[in-house]
Amino acid sequence: MKRLVLFVTIMVGLSTPVVSTNIVFMLMDDMGWGDLGVLGQPAKETPNIDRMAAEGIVLPNFYSANPLCSPSRAAMLTGRLPIRNGFYTTNNHARNAYTPQDIVGGIPDDEILYPELLQKAGYKTKIIGKWHLGQQSQYHPLRHGFDEWFGSPNCHFGPFNNKGTPNIPVYKNTNMAGRYYETFKIDHSTGESNLTQLYIQEAVDFIKESVNAAKPFFLYWTPDATHEPLYASKHFLGTSQRGLYGDAVRELDSGVGIILSTLQSLGIDKDTLVMFSSDNGGALYASVNGGSNAPFLCGKETTFEGGMREPTLAWWPETIKPNQVSHQLGNLMDWFSTALTIANVPIPDDRPIDSVNLLPALINNTVIDRPIFYYRGNELMAVRSGLFKAHYWTWTNSIEEFNRVHVFNCVFQIMHGHLQGVDFCRGEQVNDVTTHDQMNHTADPVIFHLGRDPGEKYPLKHDSTEYKQALEGINKIVIEHKSNLKPGTPQLNYCDPAVMNWAPPGCAALNDCLPVPASKKVLCTWPH
């Protein structure tokens, strides 16, 4: 690839040359902080990801912007909290919402996604895997900055009967290429599916095509094999100590290795920043079929550390020094400003941006003072500043949901042994914190010191000097944040069976258009 040198000031007192840098962002699905060998997983079954860490930098204090998939992904691509970009609900207080098949909303046209700006700057852009920002065509990736797409707008739930609910389509660019469980098989009885292999090959092909075209590229590689229902290809089935979840992780690790090796074999590894993370914490309600968030409290859906602290690495040979650990507080939203700075693209100044440029941390291991905001739906639940985390609201999920049989896909649930309700904090209890009622601590927030107590088990005593000093500082952050907050129009309030994937673009060519039912727009029900 022809090397075009751009000079970017990285706000550390230096001007650092950046060579038409390619950007690869690997976003896993429901992978926990404790799932990687480099972060302590005892089976040590992620050699390629661990090598990526050894050759680059580990960011152990890195977070998602939300403990659930769709809002987290929307925040990452817009550089803005879900409360600003509209990926939340006001149907109930502090409830997680996402984009199932029947959601009416999606990513608004007036939101700026950083792939849009990279595309305008001459980058080839592609998403491979799960989009999850709206299944109607006006919300699809090719309308929001991507040149190419191979993947799906939704999770790979199913199979459905195509009557009450349609099977979910897989797209090749603007048109569907088939549906899950039909063209794209997933066998629940064995866990076998070839999807991850397809996603790996798509990535390799895109990288090679971009090099041949002599264009810088942005690849958003977001496979979903570690989201239930789990799957792995035949070669990886039964190879992990951790069961099917581990098989899926091992195959994803293999994919990371193949992508890095492709960059090296093409001689563009030194011109490519590769980032690895997850959209939210591991799903503890899935029991042994979910990820590990050790040593943190609870998991996906919660604003405890296990729900939002993510396994995160960056790799950029000769620019990022090897064997580095950064204690920078980071957030998936930060890739917005980081990617644009690398590409020498101005960061939009017409709207609040919650993203921080991470290049000083990645290149010079500089630590910038910034807070982390933990939102659940329309509520600011907690704030981290330094090593202190203050919870203003806490809860896990309702006692009704906790006790209720998990009715979705009952056959799958029975087979895998967790038909006993939904538990986001399996086996973990902290009095007055991991409750099934929403607890309002606004008058006296619960504060943990995450250095001494990363598992959030031992709150600071309210009468201690340490508590009072921490609270004073964090309260100032909260007041400033809320004074400048203008919530976006909520996109996740309404559901309608008519907007499901009955007749996606391209269905006619495949003779796969299903009858569209009458519209019945209602407020969505979000149980947690």
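Predicted model: local features only at pLDDT ≥ 70, side-chain atom pairs only at ≥ 80, totals over all residues.
A search of the whole structure returned 16 aromatic pairs. One of them joins Phe-25 and Tyr-220. Their rings are stacked, with centres 6.1 Å apart and planes at 10°. Phe-25 belongs to strand 3 (residues 22–28) and Tyr-220 to strand 10 (residues 217–222), so the pair ties together parts 195 residues apart in sequence. Both residues, Phe-25 and Tyr-220, are buried. Tyr-63 and Tyr-374 form a pair of another geometry: the centres are 5.4 Å apart and the planes stand at 75°, so this pair is edge-to-face. Tyr-63 lies in strand 5 (residues 62–63) and Tyr-374 in strand 15 (residues 372–376), so parts 311 residues apart in sequence are tied together. Tyr-63 is buried, at 0% relative accessible area. Tyr-374 is buried too, at 0%.

Phe-25 and Tyr-220 also belong to one aromatic cluster. Elsewhere, a charge meets a ring: the charged end of Lys-521 sits over Tyr-494, 4.7 Å from the ring centre.

The largest nonpolar core holds 50 residues. Within this core, Phe-25, Tyr-114 and Trp-335 touch the most other members. Elements that contribute two or more residues include strand 3, strand 10, strand 11 (272–278), helix 2 (69–78) and helix 4 (114–120). Helix 8 gives the largest share, five residues. Beyond four places in sequence, the contacts of Phe-25 include Met-76, Tyr-114, Phe-218, Tyr-220, Met-275, Leu-332 and Trp-335. Another core, of 47 residues, lies apart from the largest one. Among its members are Met-28, Phe-184, Ala-225 and Ile-259.

Gln-135 is located in the loop between strand 6 (124–130) and strand 7 (148–152). The residue is buried, with 3% relative accessible area. Its side chain reaches the backbone oxygen of Gln-101 at 2.7 Å. Neighbours within four places in sequence aside, Gln-135 contacts residues including Pro-100, Ile-103, His-140, Asn-154, Val-499 and Asn-501.

Three disulfides are present. With bonded cysteines counted along the chain, the pattern is 1-2, 3-6, 4-5. The sulfur atoms of Cys-298 and Cys-425 are 1.9 Å apart. This link is right-handed, with 110° about the S-S bond. Cys-298 lies in the loop between strand 11 and helix 7 (305–308), and Cys-425 in the loop between helix 11 (410–415) and strand 19 (439–440). The two are 127 residues apart. Cys-298 is buried at 0% relative accessibility, and Cys-425 is buried at 4%.

Cys-495 and Cys-524 are bonded with their sulfur atoms 2.0 Å apart. Their link is right-handed, at 110° about the S-S bond. Cys-495 lies in strand 21 (residues 494–495) and Cys-524 in the segment after strand 22 (522–523), so the pair ties together parts 29 residues apart in sequence. Both Cys-495 and Cys-524 are buried. In the disulfide of Cys-507 and Cys-513, the sulfur atoms are 1.9 Å apart. Its S-S torsion is about 90°, so this disulfide is right-handed. Cys-507 is buried at 5% relative accessible area, whereas Cys-513 is partly exposed at 41%.

Cys-69 has its closest cysteine sulfur in Cys-155, 5.1 Å away, too far for a bond. Cys-155 is in no disulfide. Cys-69 is buried, at 2% relative accessible area. Cys-155 is buried, at 1%.

Methods
Residues numbered from 1 in each chain as written. Heavy atoms only, no water. Phe/Tyr/Trp six-rings, centres within 6.5 Å; stacked < 30°, edge-to-face > 60°. Helix = DSSP H or I, 4+ residues; strand = E, 2+ residues; numbered from the N terminus. Buried < 20%, exposed > 50% of the residue type's maximum accessible area, 1.4 Å probe, protein only. Lys NZ or Arg CZ within 6 Å of the ring centre and 35° of its normal. Core = buried A, V, L, I, M, F, W, Y, C linked by side-chain atoms within 4.5 Å. Contact = heavy atoms within 4.5 Å. Polar contact = N/O pair within 3.5 Å; in protein donor to acceptor, adjacent residues only side chain to side chain. Disulfide = S-S within 2.5 Å.
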